[in-house]
Amino acid sequence: MQDTYFIDTMGCQMNERDSETIAGVLEDLGFAPTEDMLTARVIVLNTCAVREKPVHKVFSKLGGICKLKAKRPEMIIIVAGCVAQMAPEEFRRRTPLVDIVVGPRNLSGLAEAIREATGEPSVLADTSEVIPEGLPSSREDGVNAFVNITYGCDNFCAYCIVPYTRGREQSRTPERVGAEVKQAVEAGRPEVTLLGQNVNSYRGTDEEGKSVDFPDLLALVDSADGLKRLRFTTSHPKDLSLKLLDAMRDLPTVCEHLHLPIQAGDDEVLARMGRKYTRAHYMGILQAARERMPDIAITTDVMVGFPGETEEQFERTVAAFEEIRYDQAFMFMYNDRPGTRASGFEDKVPEPVKLARLQQLVDIQNRISREKNEALLGNTYEVLVGGPDLKSPSKLRGRTRTNKLAIFTPRPVPRRAVPAAGDMVYVRAEEAFLWGFTGTEVIE
Ligand code: SAM
Ligand code: SF4
Ligand code: F3S
């Protein structure tokens, strides 16, 4: 019987994309995917270090996996991702049964390490390594493909561990990005999401030596044959240009959705976070975006309880949320991360205060999200079908250009099969919920 592998992916889309590479490497070596961790020959934990809780989770999951390995010594345990990079030696010390520790920049050494995995544990954790190109990848089923445009981050926001785990920022060449997009579309992915910690600082150089910025790159990718939708994440407000907003308005495949982390609504907190923009600058971007694309969806990341955040400063974040009216927000309590500047700040906000602030903001945002989705009811939206809805399989699910989830009943049409993943349909919105709406297919 063929040996199998199981990957548990935590964290952000960068890790999801890395898991596809890890899957590709394992498949090249003859392993087949399995959903059953208990029988897998190779178990991969692709870890996230951005907050404390997921890090604890990694060590508790590893405890269980090591017990499995005690019964099945032929098992190979791989720890990948940002925790692997953050604490490579810790794994050796705390969990000696781990075979391979591999940071996000070192995946080119993974195949060799797996071949040797019977001997000493391998630690591959060097963030100075140049990004390898051409590694195999095995993408999960779906309509969207993630394509990296930059690796790493140079911003060193005071609270953030990512520059330490992912290394310095590096842009891929436009040709490489274009080739991967083409390959993904040809493999049946009509939607592509370009990934970078700060896509707006993308600086590529093409084969002729010409500099290509992010809006230029969007224009290049937009022209890919067969591409229906183009998304990107994450935009840093300090580097977002009007040229980008013009490109979003003008390029047909680029979707009307901007994920623009605000992090805080108060200028002093923003300055101490090292974000390098003010609230007024941020508001200016949103105004310019909404002038160009009145129906654009805006989403954000925000943090409450950053060291020294006063009640008044938090209230300015609340007021910003009321003013901006985000479609959706990822909301976090500040967490100390080892080695970051903010972890050395002294005026820490007590946990119960952080929790209360988070709850207040979540309640406000949930109300706004619902109201925004209610405002869509009665209208018809273009939806890219992702597949059947798991809860009620007679229905389908998909996303609008603004990234709202649409769960809908397809119309029976003579001589037409039920729409399938990758098809574009029109859906009338009938009932709102937090992440989107339910509705019925409309035949034009
Ligand atoms: N590069 C993106 C940016 O600049 O916004 C986001 C990167 S980070 C992986 C995702 C989110 O996690 C951040 O936007 C921030 O809100 C949150 N985050 C990062 N460090 C954190 C910390 N120490 N405590 C709590 N939340 C944190
Ligand atoms: Fe972290 Fe800031 Fe870089 Fe985003 S831009 S990954 S928050 S350091
Ligand atoms: Fe992503 Fe977590 Fe690393 S959010 S970049 S996997 S620390």
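The axes of helix α12 (residues 311-324) and helix α13 (residues 351-374) cross at roughly 10 degrees and come within 10 Å. The two helices are therefore roughly parallel (angles under 35 degrees) to each other. This is a predicted model: local features need pLDDT of at least 70, side-chain atom pairs count only at pLDDT 80 or more, and totals for chains, interfaces and linings use all residues. Residues are numbered from 1 along each chain as its sequence is written, ligands are numbered from 1 in the order written, and side-chain values use heavy atoms, without hydrogens and water.

- From α12, the contact (heavy atoms within 4.5 Å) takes in E311, F314, E315, T317, V318, F321 and E322.
- From α13 come R357, Q360, L361, I364, Q365, R367 and I368.
- By class, the contact of α12 with α13 has 6 nonpolar, 5 charged and 3 polar residues.

**Ligand 1**
- Ligand 1 is surrounded by 16 residues (a heavy atom within 4 Å); the closest are Y159, Q197, Q263, D301 and N335.
- A polar side-chain atom of R51 lies 3.1 Å from an oxygen atom of ligand 1.
- A backbone N or O atom of Y159 is 3.0 Å from a nitrogen atom of the ligand.
- A polar backbone atom of N335 is 2.8 Å from a nitrogen atom of ligand 1.

**Ligand 3**
- The shell around ligand 3 consists of C12, N15, C48, A49, V50, C82, V162, R166 and Q197.
- By class, that shell has 6 nonpolar, 2 polar and 1 charged residues.
- Ligand 3 lies between domain 1 (4-124) and domain 2 (142-255), because both give residues to its shell.
- The domain bounds come from an automatic or database domain assignment.

Key:
Ala, Val, Leu, Ile, Met, Phe, Trp, Tyr, Cys and Pro count as nonpolar, Asp, Glu, Lys and Arg as charged, and the others, Gly among them, as polar. Axes are lines fitted to C-alpha atoms, for helices over the stretch in contact, and angles run from 0 to 180 degrees between N-to-C directions. Helices (H or I, at least four residues) and strands (E, at least two) are DSSP runs, numbered from the N terminus. Angles under 35 degrees count as roughly parallel, over 145 as roughly antiparallel, 65 to 115 as roughly perpendicular and the rest as oblique. A polar contact is a pair of N or O atoms within 3.5 Å; within protein, one must be able to donate a hydrogen and the other to accept it, and residues adjacent in sequence count only if both atoms are side-chain atoms.
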